[in-house]
Amino acid sequence: HIVVLGSANMDLVAYAGRLPGPGETVTGRDFRTAPGGKGANQAVAAVRAGAEVSMIGAVGSDPYGSALRASLESAGVDTDLLRTVEGPSGTAHVTVDDEGRNTIVVVPGANGTVESLLPGDDTLIATADALLLQLELPLSAVVEGAQAARRHGVRTVLTPAPAVPLPPELLGATDLLVPNQHEAAALTGIADPHGAAEALLRQVPQTVITLGAAGSLHAARGAEPVMVPAPEVDAVDTTAAGDTFTGVLAVALAEGRPVRDALAWASSAAALSVQRLGAAPAMPYRKEIDAL
Ligand code: ADP
């Protein structure tokens with residue numbers, strides 16, 4: 001049983017020939033909405049990989065809120081503790097130009113109201129095999145969640161995104177830190193992944209730094225670091241590759257698989273997801289991951 005304490009956003013994506021400058025209006029050619037947010041993405045990745053998954057967080061009282069809840073439920077995620085709060089849902093306002101460059105404004109909306117846990121949240125976390133955390137909710141709730149998990153002996157997996165300085169009480173309650181290369185560099189000031197991993201191990205017992213097409217680097221205290229190559233594939237859309245990787249990794253670890261197997265499985269899942277368009281819709285099912 002995996003519990004995700006995290007964000008749900010509606011992505012509002014406009015496609016235009018070029019990105020508008022300040023004060024400028026450009027005419028776009030396409031528009032799509034898609035459920036996203038790191039928390040919801042990791043929840044869907046984990047449920048497709050075969051785990052029982054519950055999501056703690058908040059959506060707004062607007063139509064996006066019901067759509068976000070419905071999309072999690074139809075994926076099979078338990079949303080009993082996903083609150084609906086008065087006001088707008090979290091949204092990500094994305095503009096993409098013909099070269100694939102983008103600008104993104106994320107408005108936390110309902111996510112920003114999750115400042116602390118409710119009593120039911122603590123009870124649910126206590127039953128989990130792993131708690132997945134990211135930084136798209138207020139830091140106070142993330143810290144409280146990690147500390148609750150620690151108190152109940154539940155493994156915590158933290159995605160430090162968006163990158164902000166991490167308070168020691170959060171690092172102290174983190175079992176596995178999964179930054180991408182940029183986040184690892186931002187956290188440590190060290191660009192080289194091996195150096196960054198070494199620095200991170202002073203603060204957490206175990207880390208996996210994801211390196212895009214180059215794979216991932218696993219490091220744990222008292223063990224030799226291991227580079228896990230990514231399968232070579234034709235990537236068409238790497239949105240949420242990291243969330244797929246982390247959600248699936250957590251499932252494998254919760255099933256008690258050795259770390260190397262878990263990493264290979266997560267790499268297969270992420271490689272499948274980058275070959276398809278979109279975030280959640282691109283995430284593979286357990287059978288597909290096993291087949292690869
Ligand atoms: P994020 O999406 O958070 O920026 P990464 O870009 O590091 O994270 O990607 C996460 C994982 O997804 C990688 O460790 C790798 O396993 C997989 N992945 C990402 N891009 C590719 C790619 N082009 N080919 C194969 N696997 C990929």
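**Sheet and ligand site**

Author: Starting inside the sheet: Leu-132 has Val-157 in β9 as its bridge partner. Keep in mind that this is a predicted model.

Reader: OK, how many bridges join β8 to β9, and do they run parallel or antiparallel?

Author: There are 4 bridges between β8 (residues 130-133) and β9 (residues 155-158), and the two strands run parallel.

Reader: And what's the strand order in the whole sheet?

Author: It's an open sheet of 9 strands with mixed pairing, in the order β5-β4-β1-β8-β9-β10-β11-β12-β13. The edges are β5 (82-85) and β13 (226-228), each pairing on one side only.

Reader: Which strands does α7 touch?

Author: Helix α7 (residues 193-200) packs on the sheet and touches β10 (176-177), β11 (206-210), β12 (216-220) and β13. Its direction is at about 155° to that of β11. As for α9, that helix lies across β11, β12 and β13, at about 155° to β12.

Reader: Switching to the ligand: which residues come nearest?

Author: Out of 15 residues around the ligand, the nearest are Asn-180, Thr-210, Gly-212, Gly-215 and Gly-242. A ligand oxygen sits 3.0 Å from a side-chain N or O atom of Asn-180, and a ligand oxygen is 2.9 Å from a polar backbone atom of Gly-215.

Reader: How much of the ligand does the protein bury?

Author: The protein buries 84% of the 550 Å² that the ligand exposes when taken alone.

Reader: Which helix gives the most to the shell?

Author: That's α8, with 3 residues. Both α8 (241-254) and α9 (259-274) supply at least two.

Terms used:
Residues numbered from 1 in each chain as written. Predicted model: local features only at pLDDT ≥ 70, side-chain atom pairs only at ≥ 80, totals over all residues. Heavy atoms only, no water. Near = heavy atom within 4 Å. Polar contact = N/O pair within 3.5 Å; in protein donor to acceptor, adjacent residues only side chain to side chain. Areas by Shrake-Rupley, 256 points an atom, 1.4 Å probe, with all protein chains shown as cover. Pairing = 2+ DSSP bridges. Contact = heavy atoms within 4.5 Å. Axes fitted to C-alpha atoms, helices over the stretch in contact; angles between N-to-C directions.
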